[in-house]
Amino acid sequence: MVLIPWRGKQREREPGRIETSPLAALRTEMDRLFDQFFREPLGTFEWPFGDRGWVPPVEVTESDEEVTVRAEIPGVDPQHLDLSMVGNQLVLAGEKKDDLDRSGRECHASEIRYGSFRRSIPLPANVDEQRVEADCTNGMLTIRLKKIQPTPAKRIEVKGR
């Protein structure tokens with residue numbers, strides 16, 4: 001995915017030899033990061049500034065009565081989850097542990113992410129923090145947050161003398 005056409009990305013010094021400028025190399029790397037992000041947003045995206053770990057993908061839906069947040073957390077023990085409300089955001093934190101004993105084993109491939117995660121999820125409506133239900137079944141965490149019904153506007157009479 002090329003975001004902006006860029007002329008002069010590469011320049012030719014000698015016939016047959018192409019030199020890439022540092023700016024063109026930066027552009028190529030940014031294009032690669034955008035391509036990777038839009039192919040796999042927040043799932044297995046490689047963070048370029050050190051190991052980012054694993055962040056579970058979420059889905060937020062809303063009905064007249066509640067906001068529902070679903071998160072894919074395969075391999076995460078529900079006992080290692082921490083849910084909290086901070087303002088109008090749901091904070092999902094936890095840890096996906098690697099329980100395999102790797103002593104004496106040579107690893108040939110590893111695409112499974114482990115480690116701690118913390119994710120703040122903005123909610124589309126005001127919810128009652130006292131009426132939250134969370135259930136984890138088959139690696140799918142479902143959180144139901146009951147909405148606070150807005151109070152209708154009340155007319156206030158102004159008295160005069």
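Searching the whole structure turns up 4 salt bridges. Keep in mind that this is a predicted model. As background, side chains of opposite charge can pair when their charged atoms come close. Let's meet some of these pairs and see where their residues sit.

**Strands β3 and β4**
- E59 and R70 join their side chains in a salt bridge, with 3.0 Å from N to O.
- E59 belongs to strand β3 (residues 58-62) and R70 to strand β4 (residues 66-72), so this pair ties together parts that are 11 residues apart in sequence.
- E59 is partly exposed, at a relative accessible area of 40%, and R70 is also partly exposed, at 35%.

**Strands β3 and β9**
- K147 and E62 form a salt bridge through their side chains, at 2.7 Å from N to O.
- Because K147 lies in strand β9 (residues 140-147) and E62 in strand β3, the pair links parts that are 85 residues apart in sequence.
- K147 has a relative accessible area of 17%, so it counts as buried, the cut-off being under 20%.
- E62, in contrast, is partly exposed, with 44% relative accessibility.

**Strands β4 and β9**
- The side chains of E66 and K146 make a salt bridge of 3.0 Å, N to O.
- With E66 in strand β4 and K146 in strand β9, the pair ties together parts that are 80 residues apart in sequence.
- E66 is buried, at 15% relative accessibility, while K146 is partly exposed, at 24%.
- E66 and K146 also belong to a network of salt bridges that includes R144.

Terms used: Residues are numbered from 1 along each chain as its sequence is written. This is a predicted model: local features need pLDDT of at least 70, side-chain atom pairs count only at pLDDT 80 or more; totals for chains, interfaces and linings use all residues. Side-chain values use heavy atoms; hydrogens and water are left out. Helices (H or I, at least four residues) and strands (E, at least two) are DSSP runs, numbered from the N terminus. Buried means under 20% relative accessible area, exposed over 50%, partly exposed in between (1.4 Å probe, protein chains only).
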